[in-house]
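This briefing sets out selected features of the structure shown below.

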Amino acid sequence: MNPVVVENLTVAYQKKPVLSNVSFEVPEGKLIGIIGPNGAGKSTLIKAILGLIPKAAGEIKIYDKKYRPKDRVVGYVPQRGSVDWDFPTNALDVVLMGRYGHVGWFKRPGKKDTEIAMECLKKVGMEKYANRQISQLSGGQQQRVFLARALAQDAKVYFMDEPFVGVDAATERAIIELLNELKRQGKTVLVVHHDLQTVKEYFDHVMLLNVNTIAAGPTEEVFTLENLTRTYGGKLSFLEKDQLIVEQK
Amino acid sequence: MSYESWILIVGSLAGVTCGITGCFLILRKLSMLADAISHTVLLGIVLAFIVSQSMSGIYMLIGAVVVGLLTAVGVQMLHHAGIQEDASIGVVFTFLFAVGVILITVFADDVHLDVDHALMGEITFVPWDLVQWGFLPELPKAFLMLSTVLVINLVIIGLFYKELKITSFDPQMAAAIGLPVLLIHYLLMGLVSITTVASFDSVGAILVVAMLIAPGASAYLLTNKLSIMLLLSALIGVSAAVIGYYLASWLDVSISGSMATVNGIIFALVFLFSPTKGLLSRKFTMKKLKMD
Ligand SMILES: Nc1ncnc2c1ncn2[C@@H]1O[C@H](COP(=O)(O)OP(=O)(O)OP(=O)(O)O)[C@@H](O)[C@H]1O
Ligand SMILES: [Mg+2]
């Protein structure tokens, strides 16, 4: 059973459709890259799948069912810029928010939840910063905290919106290690990604998006110069083209 | 109890209630919406009077919640329809407030409420406006209303603490884990409405905004923890009320005006001198960094 199936999804903010007739399926236990230019609708796609914005048409199935938050099968890492990092709270507290779905109404996260949250901080190498106010973390550290929070959700499918933006090479490696670890545990991870150079190295599958699905499938089949040119139009820089050609030889 | 202690108690209760509720307004950047609600609840009070033919506290609270939520929902709907948020607030706020003003002038002879009083409040009269609830002795109405609202606010914030926190910090994540983000927003706006109405007699619609926003804004600059922020905000609210009262009797000026002014002064001091986020400490660290 495929963890994510999207059929003919159409989403419009005002009148103009931002996503039009998007269809794709995602196999279980794989790392999937969602690739497309700025404004292609990548974030919108994730939000629509999570039910954060209404869809105009189409079907979305998570493990064969309509997405219900209370099933707790989905973890989410929003774009880092989407929250106010001056909020009066510390790293551990933010990771604990990943447990809120498990805790339920009228209860506070308990000792067990705190332990899980600490463990998740450790997995992203941030346990030393547990009590650090979040505004006093670097961009890469904030990104790791977001990742730890998603881990604390203990989900089966993860959606991550640009987790590599603003992180250094070492952090990027650490994050990709972690994603591979999730994969080994049989989890499915969908990642919005911008760096075309690393796509082949990181992802088993890709989904090329620009308002429509341009192509989706195993990376070696789908991540071709032809498909990329169709995705990016004239915006694909010559440098990237050259490098892709070199890689394809 | 003496006249003076009643004013101090009522002022402090308004300080605590407004201070705690106001923290969430700061964190959600909703100060303008709170300003709007503090004015439109005037309409709620008038409607409550027209329906119940009395100035009974319970009806006033209900009227406030109804019109406060009407304000919040109206703003949300206009905003959702593509109108900018500040414009939506401006339109809904002035419209509902204007209806309130017209109704007051129509029923002016019956309602013991004039626009000046509603806007400015008069805490001086609070000790004489007594009512009798249930088995309780006769007590000042403002005291009873504020105590009731404080209890309601504390219970709601206590019950929904983590939901209020996550919807303030990351509404998208909150929605993704299935929390009714909009409902929690309206719940908070309901609290703001009853808080405003209960503080009306004492401080009025304009100054209540100072009591709602200033303590939370000061507390925000003093701590990095939400629970401490709530505590500090309550403390600052009370201090401003007490200091404001004595300042007013010393200078022989309006008590509620003085309380709001002290709130402003406290904020200015914190803004300048807060050890971590104050203007001076930030300047100082910059200088130190440059010298190193
Ligand atoms: N809240 C909104 N209201 C109206 N239009 C929106 C809104 N959010 C996004 N859009 C529009 O929808 C389109 C897709 O946006 P989206 O954020 O999904 O793109 P993206 O692929 O994630 O881009 P990026 O790479 O820059 O993050 C854009 O043209 C954008 O202008
Ligand atoms: Mg995006």
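In this predicted model, ligand 1 is surrounded by 13 residues, and the closest of them are A:Gly39, A:Gly41, A:Lys42, A:Ser43 and A:Thr44. One of these, A:Ser43, also coordinates the magnesium ion (ligand 2).

**Polar contacts of ligand 1**

- The side chain of A:Thr44 places an N or O atom 2.4 Å from an oxygen atom of ligand 1.
- A polar backbone atom of A:Gly39 lies 2.9 Å from an oxygen atom of ligand 1.
- For A:Ala40, the distance between a polar backbone atom and an oxygen atom of ligand 1 is 3.2 Å.

**The magnesium site**

- The magnesium ion (ligand 2) is coordinated by OG of A:Ser43 and OE1 of A:Gln79, at 2.0 to 2.8 Å.
- Because A:Ser43 belongs to helix H1 (residues 42–49) of chain A, while A:Gln79 sits in the loop between strand E5 (74–77) and helix H2 (91–97) of chain A, the pair ties together parts that are 36 residues apart in sequence.
- A:Ser43 has a relative accessibility of 17% and therefore counts as buried, the limit for that class being under 20%.
- A:Gln79, with a relative accessibility of 32%, counts as partly exposed.

**The largest pocket**

- The largest pocket holds about 1400 Å³ of space.
- Its lining comprises 37 residues; B:Gln76, B:His79, B:Pro171, B:Val181 and B:Leu182 are those nearest the centre of the pocket.
- Chain A contributes to this lining through strand E1 (4–12), which supplies at least two residues.
- From chain B, helix H2 (31–52), helix H3 (57–80), helix H4 (85–106), helix H7 (161–169), helix H8 (171–176) and helix H9 (181–220) each supply at least two residues of the lining.
- H3(B) provides the largest share of the lining, with five residues.
- By residue class, the lining of the largest pocket consists of 20 nonpolar, 11 polar and six charged residues.

**A buried glutamine in chain A**

- A:Gln142 is located in helix H5 (residues 139–152) of chain A.
- The relative accessibility of A:Gln142 is 7%, so this residue counts as buried.
- A polar atom of the A:Gln142 side chain lies 3.2 Å from the backbone oxygen of A:Ile134.

Conventions: Residues numbered from 1 in each chain as written. Chains lettered and ligands numbered in written order. Predicted model: local features only at pLDDT ≥ 70, side-chain atom pairs only at ≥ 80, totals over all residues. Heavy atoms only, no water. Donors = N, O, S within 2.8 Å, 3.2 Å for Na, K, Ca; no water. Helix = DSSP H or I, 4+ residues; strand = E, 2+ residues; numbered from the N terminus. Buried < 20%, exposed > 50% of the residue type's maximum accessible area, 1.4 Å probe, protein only. 1 Å grid on protein atoms, 1.4 Å probe; cavity = no way out; pocket = protein on both sides within 12 Å on 5 of 7 lines; lining within 4 Å. Points joined across faces, edges and corners; volume = space filled by probe spheres on them. Nonpolar A, V, L, I, M, F, W, Y, C, P; charged D, E, K, R; others polar. Near = heavy atom within 4 Å. Polar contact = N/O pair within 3.5 Å; in protein donor to acceptor, adjacent residues only side chain to side chain.
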